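Here is a short report on a ligand site and a set of paired strands.

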Amino acid sequence: MRLDAMVSVPFLEALFARNAPLHDGGVILQSSRVVAAGCLFPLQSSDGTYRRYGTRHRAAIGLSELTDAVVLVVSEERGSMRIALAGQLGPDLNGTELREQLRTLVYDRQVPVSRLDRISDEAAPVMAPEPGSPTSTDAQPRERA
Ligand SMILES: Nc1ncnc2c1ncn2[C@@H]1O[C@H](COP(=O)(O)OP(=O)(O)OP(=O)(O)O)[C@@H](O)[C@H]1O
């Protein structure tokens with residue numbers, strides 16, 4: 001579902017609260033705005049490398065394969081925080097490491113737009129909101145997650 005809200009800890013906690021309507025799926029951030037939630041991302045292509053991971057992690061890897069998004073995946077079971085980038089899943093990070101990596105990857109990086117342009121047609125059907133949703137006509141699957 002398309003949103004436009006300032007990102008904050010309470011807002012993210014509310015989105016992912018158990019039984020919240022947008023609890024399932026991923027959130028897309030663009031700069032300091034939450035631009036979409038409840039997004040279904042394409043699963044990682046099944047070459048066997050990440051077979052032992054569940055669908056949350058494989059969706060994070062899949063999205064990072066297809067776009068230049070910096071994908072943060074937090075395990076509900078273990079609480080671990082990892083970054084998926086360019087089809088690779090990184091190691092568990094503590095809070096300090098995560099902040100440092102996000103700063104480097106998101107703020108210091110020049111984003112090559114060519115990958116976004118190439119993938120927009122493939123990603124759109126997977127990430128589009130429900131038909132009939134008031135926001136279904138302006139879904140933008142290209143944002144950084
Ligand atoms: N294609 C997808 N895109 C975005 N999110 C997804 C997708 N598939 C599953 N999820 C999310 O992952 C949740 C299921 O996680 P699952 O336990 O299968 O994965 P996991 O990688 O083992 O994660 P965890 O360590 O949190 O258990 C779903 O409830 C949903 O929120």
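The report takes the ligand first, then the strands.

## Basis

This is a predicted model, in which local features need pLDDT of at least 70, side-chain atom pairs count only at pLDDT 80 or more, and totals for chains, interfaces and linings use all residues. Residues are numbered from 1 along each chain as its sequence is written, and side-chain values use heavy atoms, with hydrogens and water left out.

## Ligand shell

The shell holds 15 residues, and D24, F41, H57, S75 and E76 come nearest. Helix α2 (residues 55-66) supplies the largest share, four residues. Helices are DSSP runs (H or I, at least four residues), and strands are too (E, at least two), numbered from the N terminus.

## Polar contacts

Polar contacts are pairs of N or O atoms within 3.5 Å. A polar backbone atom of G25 is 2.9 Å from a ligand oxygen. A polar side-chain atom of T55 lies 2.8 Å from an oxygen atom of the ligand. The protein buries 77% of the 640 Å² that the ligand exposes when taken alone (Shrake-Rupley method, 1.4 Å probe).

## Strands

Strands β4 (residues 71-74) and β5 (residues 81-85) pair antiparallel over four bridges. Pairing requires at least two DSSP bridges. V71 has A84 as its bridge partner in β5. In the hairpin of β4 and β5, G79 takes a positive phi near 75°.

Strand β6 (residues 88-89) runs antiparallel to β5, joined by two bridges. There, A84 has L89 as its bridge partner.

Technical notes
Near = heavy atom within 4 Å. Polar contact = N/O pair within 3.5 Å; in protein donor to acceptor, adjacent residues only side chain to side chain.
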